[in-house]
Amino acid sequence: MQAGDLSSSDVEPPEPRHVKTTQLGDVLLRSHFITREQLDEALKYQRAKGGRLGHCLMKLGYLTEDVLHSVLSRQFGLEFVAPAACEIHPEILKLLPRELALRFQVIPIRRDGNVLYVAMSDPNDVSLFDELTFRTGLRIKPLLASESQIREGIDYHFGSHKDLALKKVFDEVPAQDEESGDNLQILSEVDKELDPETLKIQSEEAPIVRLVNFILVDAVRSGASDIHIEPFEKELRVRFRMDGVLETVMNPPVKLKDALISRIKIMSRLNISEKRLPQDGRIRIRVKLDGRVRDMDFRVSVLPTLFGEKIVLRLLDKENLMFDMLHLGFDPESLKKFEKAIYKPYGMVLVTGPTGSGKTNTLYSAISQLNKADTNIMTAEDPVEFNLGGINQVQINEQVGLTFATTLRSFLRQDPNIILVGEIRDVETAEIAVKASLTGHLVLSTLHTNDAPATITRLLNMGVEPFLVAKSVQLICAQRLVRRICKPCKQQVKAPSEATLIELGFAPQEASTLKMHRGIGCKNCNGSGYKGRVGLYEVMEITPELREAIILNATAVELKKVALASGMVTLRRSGLMKVQEGVTTIEEIVRETVH
């Protein structure tokens, strides 16, 4: 019978066999999947924390989800299903509403007479059978599915919480008249521009207001760092960047495009009638989440594209700023070098890496440590992302001539101790920053380079004299962000071959003893196996040997060799250390670093 069939039978099906005659622990012991000591520890963990035995064994790393369900399927003769891949009749889904399916972590698959086949992850739960029988009035026969597959099936067949929340919004938007007529008339309709007043009226209608509010609040609740709203020819896509990876969260109707974009532009105090040029703005909202009020800032960037304006909102959550450098991901030796450099009375400290690599967080952490009543700290930023008490922050505005270079010149007349330059973009800014660092000021800044040695080459290519670079730069810190393994679903997995590990950069002894971990996916990480991010750091202290090499115009490759001889830990090595500590995975390190 196909999944989802509705049928009745004159023949009474056999009584469904509940898995209650044989304990799961005994089955796993007999199959040699776990030891007696591991079972005892899991039972102890179960008594302390609660939950199902199989789940406790997985959390302790003694069992994988695949092994658990393979044992259950073989031992008890249960059919293994993937609910999202099943065609389930709507009448079957009505037997267990979404709320109950979520609460019990089950999903009805098919019905045969008065027997309902239900996918569940724990067929040992006798009380669950009784509850489902009571709710449906049918006899329950279990089918086996993993917890992540059940969650995926619930979202697929019932709709995710976002789908349900948006349905009401979309239903309230009046349908537009269908375009009709010949091709010329259709083309003119597509190209038709609404006047600003009409756009403003549409953007202030209740459904659009609720939709935008929902997107903003859901991004905060999901822990997203960016929101991408992208118009295409036949679809409108909303994506969140979570832990550095973009995920599509919804596809609102294309008819909402103009009103949605206009609503965000109004909130950002931008010009809604200007659609030809990029615009930048800011939204500030106060939102109540988990019983407490939070103030959130969104940095808004609007860019004209082929089918409309794309909007990217960067979430600026001060609560997520981490000023404890050890928790940022610095290893103790690199952190010691970094702190030694920022506590010097003068010189230049550069933080380098691509956009979104955490440079701002590192710099803010540094100046927060240095922020004392007897110290004058001044920053030039584009834009100012967070307001830091006791620090003089200047917002760059190139349209009126307030560039990094002009701001830096003014800073030198403001009696500063420490200067933070958001980014060194040109030779003029670089030269002023270098001279400031040589005249008794500590200068912190960022550059976009791939690694620490390449930063020196970039400054020289900009036109700064080698002897000035050698004398001014005290330390360069290159960094990347990689995803952390989700702690609740973290478990040990088999490592690749020693040859592969050695090729990735591990020493032979490390490769032979490496214990690898991975997240198997849970509610906490939305099934991804990752939750949060951690930094990888390549800290290059400018030693006398490096200064000599810089003056001699050494290449980036030559500088790297000298730095490695002085004890520099590369980005790849920093990542491999995080793998050894069980913080992240090899896949993340390979994605962000080179050997």
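So, helix 18: the buried residues here are T429, A430, I432, A433, V434, A436 and S437. Keep in mind that this is a predicted model, so everything I say is read off a prediction.

What do those buried residues pack against? Quite a list: strand 11 (347-352), helix 17 (404-411), strand 14 (418-421), strand 15 (442-447), helix 19 (452-462) and helix 20 (466-472).

Now the helix itself. Helix 18 covers residues 427-438, which is 12 residues, and at 1.5 Å a residue it should span 16 Å. The C-alpha atoms at its ends are 16 Å apart, so that agrees. Look at the start of helix 18: D426 has a side-chain oxygen within 3.2 Å of the backbone nitrogen of E428. After the helix comes G440, with a positive phi, near 95 degrees.

Next stop, strand 15. Is it buried or exposed? Six of its six residues are buried, so strand 15 is largely enclosed by the rest of the structure. In a regular strand, side chains alternate between the two faces of the sheet. Here L442, L444 and T446 point one way, V443, S445 and L447 point the other way, and all of them are buried.

Which strands does it pair with? Strand 11 pairs with strand 15 in the parallel sense, over six bridges, and V349 sits opposite L444. Strand 14 is also parallel to strand 15, over four bridges, with V421 and S445 as bridge partners.

Moving along to helix 19. D451 caps its N-terminal end, with a side-chain oxygen 3.0 Å from the backbone nitrogen of A454. The buried residues in helix 19 are A452, P453, T455, I456, L459, L460 and M462. Just after the helix, G463 has a positive phi of about 115 degrees.

Take M540: beyond its neighbours within four places in sequence, M540 contacts A452, P453, I456, L475, I476, L546, A563 and M568.

Technical notes. Residues are numbered from 1 along each chain as its sequence is written. This is a predicted model: local features need pLDDT of at least 70, side-chain atom pairs count only at pLDDT 80 or more; totals for chains, interfaces and linings use all residues. Side-chain values use heavy atoms; hydrogens and water are left out. Contact means heavy atoms within 4.5 Å. Helices (H or I, at least four residues) and strands (E, at least two) are DSSP runs, numbered from the N terminus. The expected span of a helix is 1.5 Å times one less than its number of residues. Buried means under 20% relative accessible area, exposed over 50%, partly exposed in between (1.4 Å probe, protein chains only). A polar contact is a pair of N or O atoms within 3.5 Å; within protein, one must be able to donate a hydrogen and the other to accept it, and residues adjacent in sequence count only if both atoms are side-chain atoms. Two strands pair if DSSP finds at least two bridges between them.
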